Protein chains: 2
Amino acid sequence: MDTAEELQDFITNGHKTFIPHVSMDNAIFGYHDHQLKILLSQYKAIEGYCLPGGYIKRTETLDRAAKRIVKERTGLDDLYLQQYKTFGDPGRIKWNEMDFEKFSEMAGVKYFKDSWLMDHTISIGYYAITDFSLVTPKSDLSSYCEWFNIDEVPPLLYDHDDMVKESLQALRQQLYYYPIAAKLLPEKFTLTEIHAVYETILGKKLDIRNFPKKLVFLGLIKKLNEKRNIGPHRAPYLYKFDMKKYNKALETGTTLT
Amino acid sequence: MDTAEELQDFITNGHKTFIPHVSMDNAIFGYHDHQLKILLSQYKAIEGYCLPGGYIKRTETLDRAAKRIVKERTGLDDLYLQQYKTFGDPGRIKWNEMDFEKFSEMAGVKYFKDSWLMDHTISIGYYAITDFSLVTPKSDLSSYCEWFNIDEVPPLLYDHDDMVKESLQALRQQLYYYPIAAKLLPEKFTLTEIHAVYETILGKKLDIRNFPKKLVFLGLIKKLNEKRNIGPHRAPYLYKFDMKKYNKALETGTTLT
DNA sequence: TTTCTATTTGGTAAAATTTACACAATAAAG
DNA sequence: CTTTATTGTGTAAATTTTACCAAATAGAAA
């Protein structure tokens, strides 16, 4: 939504294109070099941050809606996406905290207060993860977007604190079952690099010697016959994910620890 | 919904009480004596079975809606309930497979075809589990309800095949993390009984001697100083769940295998 | 009373996995 | 050729899982 006209049309006619009463909020995590961040957006008319969200087109699948909404904010197409929970308790949106007048004025739109948007809405939660160094958060007419360190997230609007907590928990649980880390590393990576990904996302130390042994033992990554030059130190071997094994492990329900 | 008047009012005015575009479908599993079943319902106007479902009141939480819908079918209040996934792909409901005329006629209602119900609707999936010997499935005006053995489920309407598959997968995964079995056994039970619960739900053999050792070792169940008389055999000790330990394990994320 | 049958349960050895650490290997700069 | 920083192999100890044997027991049958 880049122009006031588009926004006005969305407010007036959006219910024809989108499913009313259903929204989607995405916890977009970003990893890079030992840091874990999350993308928060701030509506220009409301004090405080929240997760970037959107509505679902009547013609698209939920997965595709999540992909589109994430792309609107990150510009990226190829990141890891996963539905984790749906939120729908009454009172999750505090209508009285919103300043409709201010929003309408700032965005240059009308009828906002009486639109299809102003009704009980449930929200489907997806989380996504990508390398944040590849992303320049995209703001639009009504909101702007920014990376926050995961341990410096301010109290959020609505029920989004809960969403962050639950999405992070889901991400951590699924890190061992799904090839999440593959989206955060170049195709060929060193053991030290993948080790950092796991430690950072899980938020805890993992033995540097035992950790890669396990990944290799389980066959989820495999050693290549190449090394990388890293200056005045011993050159580390490169590894890559073995997606076949990963998918097979997914089916049989194998796990790591 | 027991009378035609109630149903007519639901069709005409339901959108004031319920959230439109959002439904809930519940996979209600039933265990008893080595058997796992699932509750299916059949609309009188549509050929084929589906999961029992309903709509969410604007005033209730999702968990409470699930509880209400499950109670309508089972009469039970105290069963294990868990949200597992939301389904919302376009085409998940085949409108053209429905015979509106027939339904309206049979149920004695009108305006059905043009009602708020006839629009793209996403569905939140919960699963539930209880002892099926305690339940007499309740039918109502427009549908009747029946237990099916889990391996004799016929092809279902809409995307409900997918729902059954995913809910069963979620149930099996969570059996080790949540006190699900506690809802399927009397307060005091024997090792043989709980062993049967796990084997039946997981659909695989578990060593009868090692299995209880683990549960006791982890402290999730504890031995009582009582035995039960089971006829011409050695009397087994009784056990009960240690809910404190269970909740603690939940927090710390401990698991079984 | 003794024997028999069916079931529960304690115990234990072997196999597999996880954890903890020591130190050798290596690349390049001084 | 010594120094520095980092990678990677190996191995022993601890823990957990797996596979079974055989003893205990309750009542029925002999």
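Helices (H or I, at least four residues) and strands (E, at least two) are DSSP runs, numbered from the N terminus. With that in hand, select I38(B): this residue sits in strand β2 of chain B, residues 35-43.

Before going on, a word about what is on your screen. This is a predicted model, in which local features need pLDDT of at least 70, side-chain atom pairs count only at pLDDT 80 or more, and totals for chains, interfaces and linings use all residues. Residues are numbered from 1 along each chain as its sequence is written, while chains are lettered from A and ligands numbered from 1 in the order in which they are written.

**Stop 1: around I38(B)**

Is I38(B) buried or exposed? A residue is buried if 20 or more other C-beta atoms lie within 10 Å of its own, exposed if 12 or fewer, and partly exposed in between, with C-beta atoms placed from the backbone. I38(B) has 22 other C-beta atoms within 10 Å, so it is buried.

Now show its contacts (two residues are in contact if their C-beta atoms, placed from the backbone, lie within 7 Å). Leaving out residues up to four places away in sequence, I38(B) touches A27(B), I28(B), F29(B), F148(B), I150(B), V153(B) and V164(B). Try the distance tool on I38(B) and A27(B): they are eleven residues apart along the chain, and their C-alpha atoms are separated by 6.9 Å.

K165(B) counts as exposed because it has 12 C-beta neighbours inside 10 Å.

**Stop 2: the nonpolar core**

A nonpolar core is a set of buried Ala, Val, Leu, Ile, Met, Phe, Trp, Tyr and Cys residues joined through C-beta atoms within 7 Å. The largest one here has 102 residues, and F29(A), I129(A), F29(B) and I129(B) touch the most other members. Select I129(B): beyond its neighbours within four places in sequence, its contacts include F29(B), Y31(B), L79(B) and L171(B).

**Stop 3: where the chains meet**

Colour by chain. Here 19 residues of chain B are in contact with 19 residues of chain A. On the chain B side, β1 (18-32), β5 (80-87) and β6 (122-131) each give two or more residues. The largest share, four residues, comes from β1(B).

How do the copies fit on each other? After least-squares superposition on the C-alpha atoms of residues with pLDDT of at least 70 in both, chain B can be laid on chain A with an RMSD of 0.1 Å by a turn of 179 degrees and a shift of 0.0 Å along the axis. The two copies are thus related as by a two-fold rotation axis. They meet through the same surface, because 100% of the interface residues of chain B are also interface residues in chain A.

**Stop 4**

Next, select DNA strand D. It is surrounded by 20 residues, the closest being T192(A), P236(A), Y237(A), R209(B) and R234(B). Here the elements giving two or more residues are α5 (191-202) of chain A and α6 (210-217) of chain B.

How values were computed
Near = placed C-beta within 6 Å.
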